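Thank you for making time for this today.

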Amino acid sequence: MRLRTLLISTLGLGIIALVALNIKSQKETIASNKTALIPNEILNSAQRFILKAQDKTATIEKSADGEWVVKEKFNLPADLESRLSPLVQSLQRAENLGVLTANPKRLEKLELSNASLTIESQGGKSISFNIGKETDDGVGNALQMVGDTFALRTNFSGYIEADPAAWVNTTLFSTKAEAIKALTLKFKDGEERFVRSEKDKVFTGKEAPLLEGLAKTLSVLRISEAVELNHPDALAAQKNTDSHVEIKVELYDGSTLTTRWAQTIGTEKSPAKVFVRVSHSDPANRINQLGTKAEFSCAPWLAEQIPTTLADFNLRTLPTTTAAPAEPIPAK
C-alpha cells in the first residue's frame, strides 16, 4: 500500500514538474520572440497620426513650423501633455509577442474593426494596424497589421481617442496669477482699472477678493470648445452687444492680454453660450493666430466668474451677510 502511495506521489510530482517546465519554456519562447511593435525609424520620425474609432477620425500632424496640430479642428495646437505624449510612450513600449491567431472565426471575435491607427513618417514610410479586444491573458490588445490575414498578440494597451475635439489643447493662455500687474474691466455701463501696489502683492480695497479670483481665472484661460468662425452661436453672441465685456490683463513683463466676452441669449431649452476672443499685445504671439482659425466657447463655471456689467461687478464686491442664529425657544 505504501509503495502504491509512493508511486502515485512520485508520478504526481513528475506531472507538476513537467507542467512547470512547459510553462517556463512557453515564457522563454515568448520572451525570445518579442520585437518592437513599431519600428524606431517610423516612430522617431513620425509626421502624422491618424486615429479612427466609433465612426470618428482624428488626424494629428506636424505643421510646417514644427507644431503638432489637429487637422479636423482648424489646425489648432494638439494637447501634447495629456494626449500625444502618452500615446507615443505607449507605442514605444509596445511589443509584438507573436501570432495570436489566423482563424477567421476567432479573428471576427477579436473585433479588430473597432479602431485603427496609422503612423506616417518622413521619407514616405508608414505603418497601419487595426486594434481589437484585450487578449484572454490580459497582457494587451490583439492587433492586425493592414494587409495581414492573422492577428498579433501584443502588450499594447493605449486607448484610441478618435474625437478631434478631445485632442485640442484647450489652454489659450497660461501664467501665474501673481504675474498680473493690472486688470481693466470695460462694460457697457462703465470701466474700471485696478493695479497691484507691488509685484507679488495682492490687490487692495473692497474689490480685492473679486480681483484675486479674476486674476486666477484669467491666468490659466481654458476653452471648452472650438467652432468655425461663422458658427451661428458665435455670430449670435457678437450681435448681443448688451453681453459684451472686455478685460485687459496687464503683466509685469510689459505685455497685455485682451479678452473679449460675449454670450448668446439663453432660453429654457437652450442655455446661454459664452464665447471669448483673445488677443496679445505682441503681434507674433501665437494667441493672435488662433483667433483667425476658430471661435472659442467657455465652460459655464468659467463664464460665471466674469461680471456682465459694472453694476454686477460692484454688487459682487459687497460683503456677504449671514443671517443671525435664531433665538432658542425656551422650554415650557
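This is a predicted model: local features need pLDDT of at least 70, side-chain atom pairs count only at pLDDT 80 or more; totals for chains, interfaces and linings use all residues.

**The sheet and its charged pairs**

Let me begin with F49, which stands opposite I60 in β3. Residues are numbered from 1 along each chain as its sequence is written, and side-chain values use heavy atoms, with hydrogens and water left out.

Strand β2, residues 46-53, runs antiparallel to strand β3, residues 56-62, and six bridges join them; helices (H or I, at least four residues) and strands (E, at least two) are DSSP runs, numbered from the N terminus. Both belong to an open sheet of 10 strands, with antiparallel pairing, in the order β1-β6-β10-β9-β8-β7-β2-β3-β4-β5, where two strands pair if DSSP finds at least two bridges between them. At the edges stand β1 (35-36) and β5 (76-77), and each has a single partner strand, so one side of each is left without a neighbour in the sheet. Helix α3, residues 80-93, packs on this sheet and touches β2, β3, β4, β6, β7 and β8, contact meaning heavy atoms within 4.5 Å. The direction of α3 makes about 95 degrees with that of β2, where axes are lines fitted to C-alpha atoms, for helices over the stretch in contact, and angles run from 0 to 180 degrees between N-to-C directions.

Now to the charges. The structure holds 12 salt bridges, each defined as a side-chain nitrogen of Lys or Arg within 4 Å of a carboxyl oxygen of Asp or Glu. One of them joins D242 and K188, at 2.3 Å from N to O, and this pair links loops 54 residues apart. D242 is partly exposed, with a relative accessible area of 48%, whereas K188 counts as exposed at 60%; buried means under 20%, exposed over 50% and partly exposed in between, with a 1.4 Å probe and protein chains only.

Which residue forms a salt bridge with E250? The partner is R193, with the closest N and O atoms 3.0 Å apart. E250 lies in strand β16 and R193 in strand β13, so the pair ties together parts that are 57 residues apart in sequence. E250 counts as buried, at 19%, and R193 as partly exposed, at 46%.

Finally, R48, E61 and E120 are linked in a network of salt bridges.
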